[in-house]
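Me: I have a protein model open and want to learn how to read it. Can you take me through it feature by feature?

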Amino acid sequence: MGEIASSPRSEESPAGPLLLSLRLPATVEAVPRARHALRRVLAERVPRAPVDTLELLLSELVTNAVQHSERGRTVAVAVLRRETSIRLAVVDNDGALPLPGGGLDLLAEHGRGLLLVDAMAEEWGSYPVPDGKVVWCDVKTVA
């Protein structure tokens, strides 16, 4: 599976114009594919966006989605332009809503992704959808 929509025409959503929409297999390859697509669309459509921060946070959200998705499923990525920020949203098929630092083992090699999101995003959250959940974050753009 690949990109669903990343055309120059913006589709409106309640959260803002859609810049990018992807549906990817829930595998480790989804992470670099999502990052590269994000970088490309931001270069074309939001040249002053904080690309490095957005790439890092998208990587964390997609990694979490892949880790929590059932084998053979997909994850969906949406990137929306808001008035003063870019919203990243990732959908997976696991209905358990995340808590930052919930049960964090300080000696573990993983488990800090949402702590990064919490520290670097303007705000973030999650909500259930019929077959899973959406985890999103907003990153402030340069005026």
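**Reading the fold**

Reply: From the N terminus on, the elements run β-β-α-α-β-β-α-β-β. Helices (H or I, at least four residues) and strands (E, at least two) are DSSP runs, numbered from the N terminus. This is a predicted model: local features need pLDDT of at least 70, side-chain atom pairs count only at pLDDT 80 or more, and totals for chains, interfaces and linings use all residues. Residues are numbered from 1 along each chain as its sequence is written, and side-chain values use heavy atoms, with hydrogens and water left out.

Me: How many helices and strands does the protein have?
Reply: Three helices and six strands.

Me: How much of the protein is buried?
Reply: Buried means under 20% relative accessible area, exposed over 50%, partly exposed in between (1.4 Å probe, protein chains only). Here, buried residues make up 44% of the 143 residues.

Me: How do I check the length of helix H1?
Reply: Compare two spans. The expected span is 1.5 Å times one less than the number of residues. H1 covers residues 30-45, 16 residues, so it should span 22 Å; its end C-alpha atoms are 22 Å apart, which agrees.

Me: Which residues of H1 are buried?
Reply: Ala-30, Val-31, Ala-34, Ala-37, Leu-38, Val-41, Leu-42 and Arg-45. They lie on the same side of H1, because they cover an arc of only 135° around the axis. That arc is taken from the directions from the helix axis to the C-beta atoms. On the other side of H1, His-36, Ala-43 and Glu-44 are exposed.

Me: What is a nonpolar core?
Reply: In soluble globular proteins, nonpolar side chains tend to be buried together. A core is a set of buried Ala, Val, Leu, Ile, Met, Phe, Trp, Tyr and Cys residues joined through side-chain atoms within 4.5 Å. The largest one here has 35 residues, and Leu-42, Val-62 and Leu-88 have the most contacts inside it. Strand E2 (18-25), H1, H2, strand E3 (74-81), strand E4 (85-92), helix H3 (113-120) and strand E6 (132-140) each supply at least two residues of this core. H2 gives the most, with eight residues. Another core, of six residues, lies apart from it; Leu-18, Ala-78, Leu-80 and Val-134 are among them.

Me: What does Leu-42 touch?
Reply: Contact means heavy atoms within 4.5 Å. Not counting residues up to four places away in sequence, Leu-42 touches Pro-47, Ala-49, Val-51, Leu-54 and Ile-86.

Me: How do H2 and H3 pack?
Reply: Two packed helices are described by the angle between their axes and the distance between the axes. Axes are lines fitted to C-alpha atoms, for helices over the stretch in contact, and angles run from 0 to 180 degrees between N-to-C directions. H2 and H3 pack at about 145°, with their axes 9 Å apart. On the H2 side, the contact includes Thr-53, Leu-56 and Leu-57; on the H3 side, it includes Leu-116, Val-117 and Met-120.

Me: Is Leu-57 buried or exposed?
Reply: Leu-57 lies in helix H2 (residues 51-68). It has 0% relative accessibility, so Leu-57 counts as buried. Beyond its neighbours within four places in sequence, its contacts include Leu-88, Ala-121 and Cys-137. Leu-57 and Val-139 are 82 residues apart in sequence and 9.1 Å apart in space, C-alpha to C-alpha.

Me: Where is Val-75?
Reply: In strand E3. Val-75 counts as buried, at 0% relative accessibility.
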